[in-house]
Protein chains: 2
Amino acid sequence: MTGKPRIAVVLSGCGVYDGAEIHEAVLTLLALDRRGASYQCFAPDIPQAHVINHLTGQESHESRNVLVESARIARGDVKPLRDYDPAAFDGIVFPGGFGAAKNLSSFAFDGPNCTVNPDVEKAIKGTRAAGKPIGALCISPAIMAKVLGGVELTIGSDSGTAATLEKLGARHKTAGHGEVVVDKAAKLVTTPCYMLNSTIGQIATGADNVVAAMLELTTR
Amino acid sequence: MTGKPRIAVVLSGCGVYDGAEIHEAVLTLLALDRRGASYQCFAPDIPQAHVINHLTGQESHESRNVLVESARIARGDVKPLRDYDPAAFDGIVFPGGFGAAKNLSSFAFDGPNCTVNPDVEKAIKGTRAAGKPIGALCISPAIMAKVLGGVELTIGSDSGTAATLEKLGARHKTAGHGEVVVDKAAKLVTTPCYMLNSTIGQIATGADNVVAAMLELTTR
């Protein structure tokens, strides 16, 4: 490939409690643009696990689609994740939010016994097999523990979640605001973001550090 | 007041085609945090004018509330705009998106004959009367033209929209990516953002320049 590095961004809806965390998603796109990469957003074409009223925190009795809601963050330019081809990209990154643990996987409901959406699993395994970097913010590293097993990663400093990921074979490292953990062998880059009580500026720093580390791991 | 400058951010939903433009909203919050200001999000507690499927661009036959959807961008921390008190803030800023022209006003439907939501009008007039700065991104300056009349502003370079704002008594100045127009007498700061075909990095620059100019115009 020639030209800019091209990174896939996997969204999981639009809103922290039932979809992609919006700040993490937007600031990942910003980091990619500022560091000279181009991006394409993807999301699975599936119903959301549920819809949460973000004002009250209560479940709202309606139905929304993950791909359709992700299009709000992507300004319409989002593709079904089943169309993702690792050969056409230099890496893939997963912003966080409960959507990663409710729509991309069932980690929020089932913990270590969670299932992972087949398109998500295929995308991660295909990228890993192609030797390309994978980024994961916030709670998204839980999906990597489930799919990739014995990788080094961080979800910040929450000991309960860390212990669950270690049950799945992962090696958890505590990390602070903006810090990244890089598993060089697996080319996996993770950062806590809103798994810590953070300012939006700290989220921007974390997203930027993930993108910088991913771009260093690209093979071209 | 002591401590950090405190800025109100008025959201209009969550998604460019029927609410607040998400990148502009998030990058305004980022700019405020990075420049040492604190913020509080507000939105009117009203039904959206309509709901647009952002994947297809078609109207979706459902009903959503502007305050509830704005809570997605604000991670739950958003207040009804009727509770905004200019005395408690150092300024107010309006990100863009069609929500500004469909929910905060009817500019997208009615052009120069548009109406403005009463809470929005009161917030703008109250801030102006208090001599505090007002920021407006993208299409939001149209609301300022309607409410404030003879102010200097920009919506970028679209001659049709500019002519409409001049009919409302505004003086339009063409502006490019990231550029701001400052009406020092009215303490009004505007920038085109996605009224121009922009990268997300250019949106971040525009939002940051608006915030910087607003903070220079604060009185403390």
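Which residue just after α6(A) takes a positive phi? The residue is G149(A), with a phi of about 75°. The structure is a predicted model, in which local features need pLDDT of at least 70 and side-chain atom pairs count only at pLDDT 80 or more, while totals for chains, interfaces and linings use all residues. Residues are numbered from 1 along each chain as its sequence is written, chains are lettered from A and ligands numbered from 1 in the order in which they are written, and side-chain values use heavy atoms, with hydrogens and water left out.

Chain A holds 8 helices and 11 strands. Helices (H or I, at least four residues) and strands (E, at least two) are DSSP runs, numbered from the N terminus. The radius of gyration of chain A is 16 Å, close to the 17 Å that the globule rule gives for 220 residues, so chain A is as compact as a globular protein of that length. This radius is taken over C-alpha atoms, and the globule rule is 2.2 Å times the number of residues to the power 0.38. Along its principal axes, the C-alpha trace of chain A spans about 50 × 40 × 35 Å.

Of the 220 residues of chain A, 62% count as buried. Buried means under 20% relative accessible area, exposed over 50%, and partly exposed in between (1.4 Å probe, protein chains only). Chain A exposes about 7800 Å², and carbon and sulfur atoms supply 47% of that area. The areas come from the Shrake-Rupley method with a 1.4 Å probe; for residues, only the protein chains shown count as cover. Among contacts (heavy atoms within 4.5 Å) in chain A between residues at least 6 apart in sequence, 68% join residues at least 24 apart.

Helix α6 of chain A, residues 141-148, is mostly covered. In this helix, 6 of 8 residues are buried. They are P141(A), A142(A), I143(A), M144(A), A145(A) and V147(A).

The largest nonpolar core has 146 residues. Such a core is a set of buried Ala, Val, Leu, Ile, Met, Phe, Trp, Tyr and Cys residues joined through side-chain atoms within 4.5 Å. L27(A) and L27(B) touch the most other members. Leaving out residues up to four places away in sequence, L27(A) touches I200(A), I203(A), A204(A) and A207(A), together with V26(B), L27(B) and L30(B).

E24(B) lies in helix α1, residues 22-34. Beyond four places in sequence, the contacts of E24(B) include P95(B), G96(B), G97(B), C193(B) and Y194(B). The C-alpha atoms of E24(B) and R64(B) are separated by 21 Å, with the residues 40 apart along the chain. T190(B) sits in strand β11, residues 188-191. Among the residues that T190(B) touches beyond four places in sequence are A136(B), P141(B), L153(B) and V210(B).

Most residues other than glycine have a negative phi. K187(A), not a glycine, has a positive phi of about 50°. K187(A) lies in the loop between β10 (181-183) and β11 (188-191) of chain A. K187(A) is buried, at 17% relative accessible area. R75(B) also has a positive phi, near 55°. R75(B) is found in the loop between α2 (66-73) and β5 (78-80) of chain B. R75(B) is partly exposed, with a relative accessible area of 25%.
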